[in-house]
Amino acid sequence: MVKELILVFIATVLVNNFVLKYFLGICPFLGVSDNLSSAISMGFATTFVMTITAPVAWLINNYILVKFGLPFLQYVCFIIVIASLVQFVEMVIKKFFPLLHQSMGIYLPLITTNCAILFMALQLVLKDYSLIKSMVFGFGSGIGFTFAITIMASIREELKFQDVPESLKGPGITLIIAGILALIFVGLGGLIQVK
Amino acid sequence: MKQSFKMIFSLCLIAVISAVILAKVYMITQPAIIANEKRATENAIYKVVSTATSYKESKSGQTDIFKCYDENNKFCGLAFVAEGVGYQDLIKVMVGVSTDFNKILAIEVIENSETPGLGNRIVTPWFENQFQNLSLQNKITVVKVAPSKDSEIQAITGATISSQAVVDIINNKIEELKEYK
Amino acid sequence: MQRTNILFSDFIKGLWQQNPTFRLLIGMCPTLAVTSQVQNGLAMGLATAFTLLASSIIISIFRNFIPKEVRIPSYIVIIATFVTIVSLFLKANFPEVSKALGPYVPLIIVNCLILGRQEAFASKNPVQRSIADALGMGIGFTLSLMVLASVREVLGMGTLLGHQVIFGNFRPWVIMLTPPGAFLTLGLLLGLINIIDKAVKARREKKQ
């Protein structure tokens with residue numbers, strides 16, 4: 001049981017990395033990765049929201065949507081849940097952790113439109129994960145995103161001292177590097193097979 | 001106070017209108033969606049049991065089994081879906097077997113997300129046709145050269161894992177069904 | 001006469017100057033995910049364009065009735081409703097396309113392009129201009145998807161829209177169909193577009 005959860009976690013972070021394999025969270029990935037500390041802050045904020053979203057989505061799906069035969073309201077419900085959770089998390093952090101809010105607060109509203117969260121919520125429903133597995137999956141996908149964006153930020157910090165062709169500066173070179181990173185991660189494919 | 005009321009009211013109104021519209025659209029599209037899925041399954045059944053002109057659905061444990069009948073209404077084969085994890089994600093195979101479970105009539109890979117150009121060549125006729133008339137006396141095995149026994153198939157070059165996955169999926173399902181028979 | 005000019009410029013800017021993918025750099029997720037084949041890129045583009053158009057119209061019409069404080073959640077619910085409709089429509093009438101686009105259809109809801117245009121334009125402008133803006137952005141988005149998909153499909157499979165276009169002993173570059181290929185192609189295309197844009201601007205300045 002625990003072994004399976006560990007495998008799910010590793011698989012979600014490395015083998016099925018949300019950014020480099022499924023193209024999720026690209027907007028923040030391109031936008032926030034030029035600075036290492038903001039990248040890490042964005043990563044943690046996203047992971048935090050994703051870890052809470054997973055069980056909430058699971059509960060709403062299994063105890064409300066399915067029970068009342070409303071599968072077509074899935075998209076609307078989940079996105080409302082995500083938007084509300086982000087709002088709620090922002091309020092909580094602002095009140096109880098004002099210092100934290102100062103450093104990563106501005107990233108929170110952007111997380112609502114991070115396709116990774118909605119995708120994660122829909123996947124755990126599609127694959128019919130248990131509640132625990134969903135939480136691990138949510139946490140893992142957040143960590144995977146953080147991992148990718150941190151690697152990218154570290155590389156881009158170094159890039160500042162390099163001679164990047166004018167036309168490729170910014171998003172262009174970022175995408176090319178992402179391509180090389182994705183290539184590396186392809187090598188991890190098949191390492192762990194999770195149902 | 002009036003402001004909050006206005007906010008809550010408009011949000012609720014939008015939510016309710018949305019729910020009503022979606023319920024309606026759902027009801028309208030459901031028949032077509034279900035028909036599409038049924039048609040896809042049927043096409044696969046008729047592909048793997050080529051002499052079948054009709055079928056009857058039944059269950060063996062957790063699996064749906066399709067008993068196939070030819071044009072003279074004679075029982076001519078069984079079809080079922082086997083699924084499992086491949087190299088990338090889920091692979092689903094429709095398998096047609098003979099009435100005595102002695103050999104495979106044919107298979108069709110109905111769902112996969114394997115690597116394009118490599119693993120996903122499990123849907124090519126070259127690979128799928130190898131399973132025609134394959135003996136089920138022993139477990140099916142994968143070899144890298146031309147098969148010498150009638151329960152062997154040759155793997156796709158550069159896609160051994162995907163090829164093995166298909167074979168494992170089929171073997172496991174057959175084992176499971178043999179128990180219930 | 002001036003009215004038509006404004007409408008026209010609202011429309012045309014989405015095609016090049018403010019092309020969502022290559023200039024505004026929004027809505028990248030589906031752009032990379034479904035462009036391994038032109039057919040899928042076209043379908044996703046049209047689905048997004050429809051959602052953008054429909055929600056822009058609704059939001060523009062009701063822009064004075066939706067209280068400011070709840071505008072973002074309201075927009076999101078409206079967009080999600082249209083995306084659900086599109087998804088159900090595809091599943092019922094084009095099941096193969098629905099399967100090919102797979103889990104990326106619901107992600108249209110969080111496509112920054114749509115929410116961005118509502119916030120920046122439809123919520124502040126009359127219906128006609130919102131329609132022009134939505135059409136321009138939607139078509140611009142679809143075109144950019146098709147450009148990216150064409151490169152990937154031709155190099156990755158040797159086909160275009162399913163028809164063989166490269167003959168002879170061409171061994172397809174399978175990498176084009178995988179994630180690294182998507183990133184690399186988009187990055188290089190962006191570079192190319194920047195070069196073109198600069199050249200056009202330079203020539204315009206020279207003329208003056």
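Two residues count as being in contact if their C-beta atoms, placed from the backbone, lie within 7 Å. Keep that cut-off handy for the exercises below, and keep in mind that this is a predicted model.

**Exercise 1. The side of chain C that touches chain A**

Task: work out how many residues of chain C are in contact with chain A, and which elements supply them.

Solution. Start with the count: 32 residues of chain C are in contact with 32 residues of chain A. Next, go through the elements of chain C that give two or more residues to this side: they are α2 (28-33), α4 (71-93), α6 (112-122) and α8 (179-207). The top contributor is α8(C), with 10 residues. Finally, sort this side of chain C by class, and you get 26 nonpolar residues, six polar and no charged.

**Exercise 2. The side of chain C that touches chain B**

Task: find which element gives the largest share of the side of chain C that touches chain B.

Solution. Here 21 residues of chain C are in contact with 18 residues of chain B. The largest share on the chain C side comes from α4(C), with 12 residues. By class, that side has 15 nonpolar, four polar and two charged residues.

**Exercise 3. A helix pair across two chains**

Task: decide whether α1(B) and α4(C) are roughly parallel or antiparallel to each other.

Solution. Two packed helices are described by the angle between their axes and the distance between the axes. For α1(B) and α4(C), the axes come within 9 Å and cross at roughly 5°. Angles under 35 degrees count as roughly parallel, so α1(B) and α4(C) are roughly parallel to each other. To see who meets whom, look along the two helices: B:Ser10, B:Leu11, B:Ile14 and B:Tyr26 are among the residues on the α1(B) side, and those on the α4(C) side include C:Pro73, C:Val77, C:Phe89 and C:Lys91.

**Exercise 4. Two partners of α8(A)**

Solution. The crossing of α3(A) past α8(A) is right-handed. In that contact there are 17 nonpolar residues, 12 polar and one charged.

Now for α1(A) (residues 2-15): the angle with α8(A) is about 30° and the axes are 7 Å apart. The crossing of α1(A) past α8(A) is right-handed. On the α1(A) side, the contact is made by A:Leu5, A:Val8, A:Phe9, A:Thr12 and A:Val13, while the α8(A) residues include A:Ile132, A:Lys133, A:Gly140 and A:Phe147. By class, this contact has nine nonpolar, four polar and one charged residues.

**Exercise 5. The sheet of chain B**

Task: give the strand order of the sheet in chain B, and explain why one side of β1 and of β6 is left without a neighbour.

Solution. The sheet is open, with six strands in the order β1-β2-β3-β4-β5-β6 and antiparallel pairing. At its edges stand β1 (54-60) and β6 (134-135), each with a single partner strand, so one side of each has no neighbour in the sheet.

Then walk through the pairs:

- β1(B) and β2(B) pair in the antiparallel sense over seven bridges. They form a hairpin with two residues between them, and B:Gly61 in the turn has a positive phi of about 70°. B:Ser60 stands opposite B:Thr63 in β2(B).
- β2(B) (residues 63-69) is joined to β3(B) (residues 75-85) by five bridges. B:Phe66 stands opposite B:Ala79, and B:Lys67 has B:Leu78 as its bridge partner. This hairpin has five residues between its strands, with B:Asn73 in the turn at a positive phi of about 65°.
- β3(B) is joined to β4(B) by eight bridges. Four residues lie between the strands of this hairpin, and B:Phe80 has B:Val95 as its bridge partner.

Notes: Residues are numbered from 1 along each chain as its sequence is written. Chains are lettered from A and ligands numbered from 1 in the order in which they are written. This is a predicted model: local features need pLDDT of at least 70, side-chain atom pairs count only at pLDDT 80 or more; totals for chains, interfaces and linings use all residues. Two strands pair if DSSP finds at least two bridges between them. Ala, Val, Leu, Ile, Met, Phe, Trp, Tyr, Cys and Pro count as nonpolar, Asp, Glu, Lys and Arg as charged, and the others, Gly among them, as polar. A crossing is left-handed if the near helix is turned anticlockwise from the far one by less than a right angle, and right-handed if clockwise. Axes are lines fitted to C-alpha atoms, for helices over the stretch in contact, and angles run from 0 to 180 degrees between N-to-C directions. Angles under 35 degrees count as roughly parallel, over 145 as roughly antiparallel, 65 to 115 as roughly perpendicular and the rest as oblique.
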